[in-house]
2 protein chains.
Amino acid sequence: MINSRLSVAIHILSIIATYPHGDITSELIASSVNTNPVVIRRMIGLLKKAGILTAKAGVPGASLTKEPADLSLLDIYKAIQSKDELFAIHDNPNPNCPIGKEIQATLNKIYENIQTAMENELANKSLKDVLEHLF
Amino acid sequence: MINSRLSVAIHILSIIATYPHGDITSELIASSVNTNPVVIRRMIGLLKKAGILTAKAGVPGASLTKEPADLSLLDIYKAIQSKDELFAIHDNPNPNCPIGKEIQATLNKIYENIQTAMENELANKSLKDVLEHLF
DNA sequence: TCGGTTGTAACTATAATGATTACACGGTGG
DNA sequence: CCACCGTGTAATCATTATAGTTACAACCGA
């Protein structure tokens, strides 16, 4: 199972999109997500770095740089996920075994399509879709 | 990123499929995967429980119950993965917030399609495909 | 300038994962 | 038939990822 960062990021962005002029503090978002404000600020930092939203230091509130309809879940996913690969592959398989020697390249190839399929689905869903489900 | 169990399981099954009468020990497989024999036996236990292979206690070697072409990566994935969900969702979001109240149901709904897309891809690939890539 | 908030580093706690030790049990070959 | 070797599995340990927390300087607005 993949960590809950995508879920938290979507939650944060849903709040920001819903209350665009609400002076939403990290404290407030944290109380909705049920976590620590620093966790929220950290994640907002990643979203900012990815150009998904803007915020001024010291000032509550943040703004999306795009319309929710134009912000895909893939954009969000890539902004907050450190590792790019979907499945981990064990390292240092035995190069003296014909299978161990080729397994990594083979799995990389096989996993490629699977990851692409997943990313296509993420790309096909936007924050707007989430907001519509929410209300 | 998802753990490396699928990768290890595919590695194990590739060896068993390639050397069907080789008296392959967990020790031998472990040396190819580069891990501890117990890790291999544990995983073989899960694959047995899922009906993917048979083995007798005390006797080296195991046999696939299906042709590699009929064994999908989804079968393998389901055999060895404990959690069914692809993405984790943070728990206890605030029910007093209109967004916190609905976020879990919404995310579950949204993630459903994404997971299905991924599982379809896994279902479309078989151990035979892996073996063909390997050699 | 004061009060409140952000941004970020540093540290801690917890849980998942994988590695390891240990040992009873099962089958096989001499 | 019994000694040997491997399996099956529980229990424990180590490492790492993840999330939570503390702390504090920098920042802005009233």
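**Exercise 1.** In what order do the elements of chain A run from the N terminus on?

*Solution.* This is a predicted model. Start with the count: the secondary structure of chain A comes to 6 helices and 2 strands. Now read along the chain. The order is α-α-α-β-β-α-α-α.

**Exercise 2.** Describe how α1(A) and α4(A) pack.

*Solution.* Locate the helices: α1 covers residues 5–18 of chain A, and α4 covers residues 73–80 of chain A. Their axes lie 10 Å apart, at an angle of about 120°. Angles from 65 to 115 degrees would count as roughly perpendicular, and those over 145 as roughly antiparallel. α1(A) and α4(A) are therefore oblique to each other. The crossing is right-handed. On the α1(A) side, A:R5, A:L6, A:A9, A:I10 and A:L13 make the contact.

**Exercise 3.** Which element gives the most residues to the surface near DNA strand D?

*Solution.* List the elements that each supply at least two residues: α3 of chain A, and α2 and α3 of chain B. Of these, α3(B) gives the most, with 6 residues. Then look at the closest residues. Of the 25 around DNA strand D, A:T35, A:N36, A:V38, A:G58 and B:G58 come nearest. Sorted by class, the surface has 11 nonpolar, 9 polar and 5 charged residues.

Notes. Residues are numbered from 1 along each chain as its sequence is written. Chains are lettered from A and ligands numbered from 1 in the order in which they are written. This is a predicted model: local features need pLDDT of at least 70, side-chain atom pairs count only at pLDDT 80 or more; totals for chains, interfaces and linings use all residues. Axes are lines fitted to C-alpha atoms, for helices over the stretch in contact, and angles run from 0 to 180 degrees between N-to-C directions. Helices (H or I, at least four residues) and strands (E, at least two) are DSSP runs, numbered from the N terminus. Angles under 35 degrees count as roughly parallel, over 145 as roughly antiparallel, 65 to 115 as roughly perpendicular and the rest as oblique. A crossing is left-handed if the near helix is turned anticlockwise from the far one by less than a right angle, and right-handed if clockwise. Two residues are in contact if their C-beta atoms, placed from the backbone, lie within 7 Å. A residue is near a molecule or strand if its C-beta atom, placed from the backbone, lies within 6 Å of it. Ala, Val, Leu, Ile, Met, Phe, Trp, Tyr, Cys and Pro count as nonpolar, Asp, Glu, Lys and Arg as charged, and the others, Gly among them, as polar.
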